[in-house]
Amino acid sequence: MNAIEKSEAIRAGLRKGFQDGTSKMAFRKCYGYDVGADGKLMVNSDEAAIVRWIFESYLNGDSLGMIATALEARGIPSPIGKPKWNSEALNKLLSNEKYTGRVLLQKTVSAGGSQFKNNGFMDRYLISDTHEAIIANETFEAEQQEKIERTNSPESKLSMQMLF
């Protein structure tokens, strides 16, 4: 088997795991969770309280910058252990459906050594009830809607126009 055939076989195996819900990617740790001895995600109660606070703060109108500043002031390190949180980390956290107890697999695809967001290029797989939720699905959906509304606000459009 040459390198190309081996690569295709690996990709096919990964896709099969996505399709039947057995992919280890479904149990990849993220902030708010630990991995148990059985390899499954389990809630880290201290971090989960912070995740809930971040969602509540955003839904109450706080900007990502305000949330980052508040976390730093409280001495709460970022998911990678740095003293400061950044907007990108907070945005990713607020966009992660894993906090609802579901996992979306194949969010990205690789091609030519680069990774791209999967915007319909390949099937994505949503697996429910893989682990305990930290936030309600309704909270997650409300937050996603809030992000859209903030992006579409006149102030955002004006600042985006000024960049070009």
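Reply: Let us begin with one pair. In this predicted model, the side chains of arginine 150 and glutamate 146 meet in a salt bridge, with an N to O distance of 2.8 Å. Side chains of opposite charge can pair when their charged atoms come close. The cut-off for a salt bridge is 4 Å.

Me: Why are arginine 150 and glutamate 146 separated by about one helical turn?

Reply: Because they are 4 residues apart in helix α5, which covers residues 137-151.

Me: How many salt bridges does the structure hold?

Reply: There are 2 salt bridges. Glutamate 88 and lysine 92 also meet through their side chains in a salt bridge, at 3.4 Å from N to O. These two residues lie 4 residues apart in helix α4, and therefore about one helical turn separates them. Glutamate 88 and lysine 92 are both exposed.

Me: How is helix α4 placed against helix α2, parallel or perpendicular?

Reply: One reads the crossing angle of the axes. For α2 (residues 45-59) and α4 (residues 87-94), the axes come within 11 Å and cross at roughly 95°. The two helices are therefore roughly perpendicular to each other. At their contact, Val51, Ile54, Phe55 and Tyr58 of α2 meet Leu90, Leu93 and Leu94 of α4. The contact residues comprise 7 nonpolar, no polar and no charged.

Me: Is alanine 48 buried or exposed?

Reply: Alanine 48, which lies in helix α2, has 0% relative accessibility and therefore counts as buried. Beyond its neighbours within four places in sequence, alanine 48 is in contact with Gly32, Val43 and Ile134.

Definitions and conventions
Residues are numbered from 1 along each chain as its sequence is written. This is a predicted model: local features need pLDDT of at least 70, side-chain atom pairs count only at pLDDT 80 or more; totals for chains, interfaces and linings use all residues. Side-chain values use heavy atoms; hydrogens and water are left out. Axes are lines fitted to C-alpha atoms, for helices over the stretch in contact, and angles run from 0 to 180 degrees between N-to-C directions. Angles under 35 degrees count as roughly parallel, over 145 as roughly antiparallel, 65 to 115 as roughly perpendicular and the rest as oblique. Contact means heavy atoms within 4.5 Å. Ala, Val, Leu, Ile, Met, Phe, Trp, Tyr, Cys and Pro count as nonpolar, Asp, Glu, Lys and Arg as charged, and the others, Gly among them, as polar. Buried means under 20% relative accessible area, exposed over 50%, partly exposed in between (1.4 Å probe, protein chains only).
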